[in-house]
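Please read these notes with the model open beside you, and take the points in order.

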Amino acid sequence: MNTKKFAQLAASSAMLLMVSGGCSMPNALGFGPSSESTPMVKDAAKAAKKSMKLAEKGDLAGAIDYAEQAVAAAPQDAGYRAQLGHSYLADGRFLSAEQAFRDAMTLGDTSARTVISLSLSLTAQGKVDAARGVLTAHRSTLPAADYGLALALLGDN
């Protein structure tokens, strides 16, 4: 599969993950405010909500801008980092997406969605062995269908 075609597939997959993941329920996805209610946390929550609405409308530049604002307001929130990664991935900014997903995982988000999205961002950059390593390291927590699809995108049978 050529790089351009894969980039389009990865971007489509990222948008599908963002939109079909239940965007009306940001807390369930880890994109909501934490139990604290400081002004910065409220600003982060508002920015994250706006980011998701813009992503649903296909305004990736706006979604990225607001996701970056959410991360700036709440830098230790793994959910906001993952949301930023999904925005970058959908926009084809694979290196930025990789870093955002790695940051989210470092902060504790090891959900299947984040792991697979990190794998997609690595694959889109041609880092197939690194992508396979991420999937292998988290194999026990990934649903079988998601794991199989991710391997298929790597070119594994």
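1. A contact, as the word is used here, means heavy atoms within 4.5 Å. By that rule Thr114 touches Ala82, Phe101, Ala104, Met105 and Asp109, when residues up to four places away in sequence are not counted. Residues are numbered from 1 along each chain as its sequence is written, and side-chain values use heavy atoms, with hydrogens and water left out. The model is predicted, so local features need pLDDT of at least 70 and side-chain atom pairs count only at pLDDT 80 or more, whereas totals for chains, interfaces and linings use all residues.

2. The protein has eight helices and zero strands, where helices (H or I, at least four residues) and strands (E, at least two) are DSSP runs numbered from the N terminus. Of the contacts with a separation of 6 or more, 55% are between residues 24 or more positions apart.

3. Across the protein, buried residues make up 45% of the 157 residues.

4. How do H5 and H6 pack? Their axes are 9 Å apart and meet at an angle of about 150°; axes are lines fitted to C-alpha atoms, for helices over the stretch in contact, and angles run from 0 to 180 degrees between N-to-C directions. That angle makes H5 roughly antiparallel to H6, a label for angles over 145 degrees, while under 35 counts as roughly parallel, 65 to 115 as roughly perpendicular and the rest as oblique. The residues making this contact include Phe101, Ala104 and Met105 of H5 and Thr114, Val115 and Leu118 of H6.

5. The largest nonpolar core has 34 residues, of which Tyr80, Leu135 and Leu142 touch the most other members. Such a core is a set of buried Ala, Val, Leu, Ile, Met, Phe, Trp, Tyr and Cys residues joined through side-chain atoms within 4.5 Å. Among the helices that each supply at least two residues of this core are helix H2 (39–56), helix H5 (94–106) and helix H7 (128–137), and the largest share, seven residues, comes from H6. Leu142 touches Ala112, Val115, Ile116, Leu135 and Tyr147, again not counting residues up to four places away in sequence.

Terms used: Buried means under 20% relative accessible area, exposed over 50%, partly exposed in between (1.4 Å probe, protein chains only).
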